[in-house]
Amino acid sequence: MPRQSFSRLGAEARGTDGAFYPLAERLADWTDLTPAELARTLRADLEDFTGGDLLGDATALVVRRNPASGQSSMARSTAA
């Protein structure tokens, strides 16, 4: 499976203890997931981390690039 790259644009979700969501650490563990699986996993993990209380909106755009074929696979998950 091709390597996925991620960027952190604004992970501001906080846990019940006030700690920020560790986006980079979590994403590093999920590099083998498809874009759709990653979007679902991220949302479920965010809900678990915050105790199910996402204050505000959350959007993730996941893109996996396959340099050998020049094709991309994308998934988007939005929580309101």
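The model is predicted: local features need pLDDT of at least 70, side-chain atom pairs count only at pLDDT 80 or more, and totals for chains, interfaces and linings use all residues. Residues are numbered from 1 along each chain as its sequence is written, and side-chain values use heavy atoms, with hydrogens and water left out.

The protein chain has two helices and two strands. Helices (H or I, at least four residues) and strands (E, at least two) are DSSP runs, numbered from the N terminus. Read from the N terminus on, the order is α-α-β-β.

**Overall picture**

- The protein chain has 80 residues, of which 30% count as buried.
- Buried means under 20% relative accessible area, exposed over 50%, and partly exposed in between (1.4 Å probe, protein chains only).
- Of the contacts in the protein chain between residues at least 6 apart in sequence, 49% join residues at least 24 apart.
- Contact here means heavy atoms within 4.5 Å.

**Helix α2**

- Helix α2 spans residues 35-49, 15 residues in total.
- From first C-alpha to last, α2 reaches 21 Å, close to the 21 Å expected at 1.5 Å a residue. The expected span is 1.5 Å times one less than the number of residues.
- P35, L38, A39, L42, D45, L46 and F49 are the buried residues of α2.
- Seen down the axis of α2, these buried residues fall within an arc of 135°, so they line one face of the helix. The arc is that of the directions from the helix axis to the C-beta atoms.
- R40 and D48 are exposed on the other side of α2.
- E47 also lies in helix α2. E47 is partly exposed, at a relative accessible area of 30%.
- Leaving aside neighbours within four places in sequence, E47 is in contact with G52 and L54.
- E47 and A13 lie 34 residues apart in sequence, with 9.4 Å from C-alpha to C-alpha.

**Nonpolar core**

- A nonpolar core is a set of buried Ala, Val, Leu, Ile, Met, Phe, Trp, Tyr and Cys residues joined through side-chain atoms within 4.5 Å.
- The largest such core has 13 residues; Y21, L23, L27, W30, L38, L42 and L46 touch the most other members.
- Helix α1 (23-28), helix α2 and strand β1 (58-66) each give two or more residues to this core.
- Helix α2 supplies the largest share, five residues.
- Beyond its neighbours within four places in sequence, L42 is in contact with Y21, L23, W30 and A60.
- L23 sits in helix α1. L23 counts as buried, at 13% relative accessibility.
- L23 and L42 are 19 residues apart along the chain, and their C-alpha atoms are separated by 8.9 Å.

**Aromatic rings**

- A search of the whole structure finds one aromatic pair.
- The rings of Y21 and F49 have centres 5.2 Å apart and planes at 80°, so the pair is edge-to-face.
- Rings of Phe, Tyr and Trp (its six-membered ring) pair if their centres lie within 6.5 Å; planes under 30 degrees apart count as stacked, over 60 as edge-to-face and the rest as tilted.
- The pair links distant parts of the chain, 28 residues apart: Y21 is in the segment before α1, and F49 is in helix α2.
- Both Y21 and F49 are buried.
- R14 lies over the face of F20, at 3.8 Å from the ring centre. A charge sits over a ring if NZ of Lys or CZ of Arg is within 6 Å of the ring centre and within 35 degrees of the ring normal.

**The loop between the helices**

- L33 lies in the loop between α1 and α2. L33 is buried, with a relative accessible area of 16%.
- L33 and R64 are 31 residues apart in sequence and 9.9 Å apart in space, C-alpha to C-alpha.
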